[in-house]
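Visitor: I have a structure open here and have not looked at it before. Can you walk me through a few parts of it?

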Amino acid sequence: MLTISCSQMKAMDSYAINNIGIPSIVLMENAALKVLKNIDLKNKNYFTIVCGVGNNGGDGLALARHLALINKKIDLFIIGNLDKGTKDFNINLNILKNMDTNFTHIKNDGGLEKLKEAAKNGDLTIDSIFGIGLTRKVQDLFYKTIEIINYYSKEILSIDIPSGLDGDTGVPLGISVKANKTITFHLMKKGLANNIYYTGDVVVEDIGIPNKATEAVLKMD
Ligand SMILES: NC(=O)C1=CN([C@@H]2O[C@H](COP(=O)(O)OP(=O)(O)OC[C@H]3O[C@@H](n4cnc5c(N)ncnc54)[C@H](O)[C@@H]3O)[C@@H](O)[C@H]2O)[C@H](O)CC1
Ligand SMILES: [K+]
């Protein structure tokens, strides 16, 4: 199976957006719908969704919207500096605010306590804290958040990459979510291959990036 690096994925992402003209928000919506497709909606009704403030978090927010639209119970958490949210993260956050969807901003131990309860009571925890944009060691509140997700969740689904896992080496940067299932986008990432301890079952889902983008980037290397 072809596996690619995070930088190759980023290059394919931006080729699709900048050279082919697919708006990034379309890719994010496709990503969210592909994650939804992989959830057992017959047996799961209560979701704890933990979002970072990058586009991985944006995927989680878009998924939260789709779960809310089918009347699932969601406990939404956001961790990170809300002033640093990406454009597409903010588009999806704004929609949820306009839909009167509440969320807990994890800023201190109080937020962590709420997360503990939600993880314990939920049917599935959705991990959308970090994806291919993880750049450094996971520390402090982020570290504690991942510890709680791992310890208290009944089941965990990671969006794109288990948060904390280096998408290229497959090694945790301090700590990583231990997912039961990982839905990764477009192509298998190098760090996910043969790494079931952290990834659980990996499903590769197409999100509408044309082959032309893939070939253009692979030709560069
Ligand atoms: N690949 C595709 O075609 C698509 C991918 N999508 C999703 O977007 C993410 C990548 O999003 P990006 O904004 O580049 O990065 P992340 O969201 O993964 O994380 C960046 C976010 O996290 C902060 N951060 C990084 N490391 C740390 C750390 N150790 N501690 C604390 N904070 C950290 C950083 O500052 C940013 O705020 C990809 O994985 C997909 O899920 C698109 O949605 C669809 C197309
Ligand atoms: K993730």
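Visitor: Is Asp100 buried or exposed?
Guide: This is a predicted model. Asp100 counts as exposed, because its relative accessibility is 65% and the cut-off for exposed is over 50%.

Visitor: Where is Asp100 found?
Guide: Asp100 sits in the loop between helix 4 (87-98) and strand 4 (104-106). Its phi is near 60 degrees, a positive value in a residue other than glycine.

Visitor: OK, and what about Asn71, what is its phi?
Guide: Phi of Asn71 is near 60 degrees, a positive value in a residue other than glycine. Asn71 lies in the loop between helix 3 and strand 3 (73-79). With a relative accessible area of 71%, Asn71 is exposed.

Visitor: New topic. How much space lies in the largest pocket?
Guide: About 880 Å³. The pocket is lined by 36 residues, and the closest to its centre are Gly54, Asn55, Asn56, Gly131 and Gly133.

Visitor: Which elements give two or more residues to that lining?
Guide: Helix 1 (6-19), helix 2 (24-37), helix 3 (55-69) and helix 6 (140-152) do. The largest share, four residues, comes from helix 2.

Visitor: How do the lining residues divide by type?
Guide: There are 16 nonpolar, 12 polar and eight charged residues in the lining of the largest pocket.

Visitor: What does UniProt list for residues 9-215?
Guide: An unreviewed UniProt entry gives "domain: YjeF N-terminal" for residues 9-215. Over that stretch the chain is 42% helix and 18% strand, and the end C-alpha atoms are 12 Å apart.

Conventions
Residues are numbered from 1 along each chain as its sequence is written. Chains are lettered from A and ligands numbered from 1 in the order in which they are written. This is a predicted model: local features need pLDDT of at least 70, side-chain atom pairs count only at pLDDT 80 or more; totals for chains, interfaces and linings use all residues. Side-chain values use heavy atoms; hydrogens and water are left out. On a 1 Å grid over the protein atoms alone, a cavity is a set of points where a 1.4 Å probe fits but cannot get out, and a pocket is an open set with protein on both sides within 12 Å along at least five of seven lines; lining residues have an atom within 4 Å of a point. Grid points are joined across faces, edges and corners, and a volume is the space filled by probe spheres set on the points. Ala, Val, Leu, Ile, Met, Phe, Trp, Tyr, Cys and Pro count as nonpolar, Asp, Glu, Lys and Arg as charged, and the others, Gly among them, as polar. UniProt positions are given in the numbering used here, feature names are shortened, and annotations may be inferred rather than shown by experiment. Buried means under 20% relative accessible area, exposed over 50%, partly exposed in between (1.4 Å probe, protein chains only).
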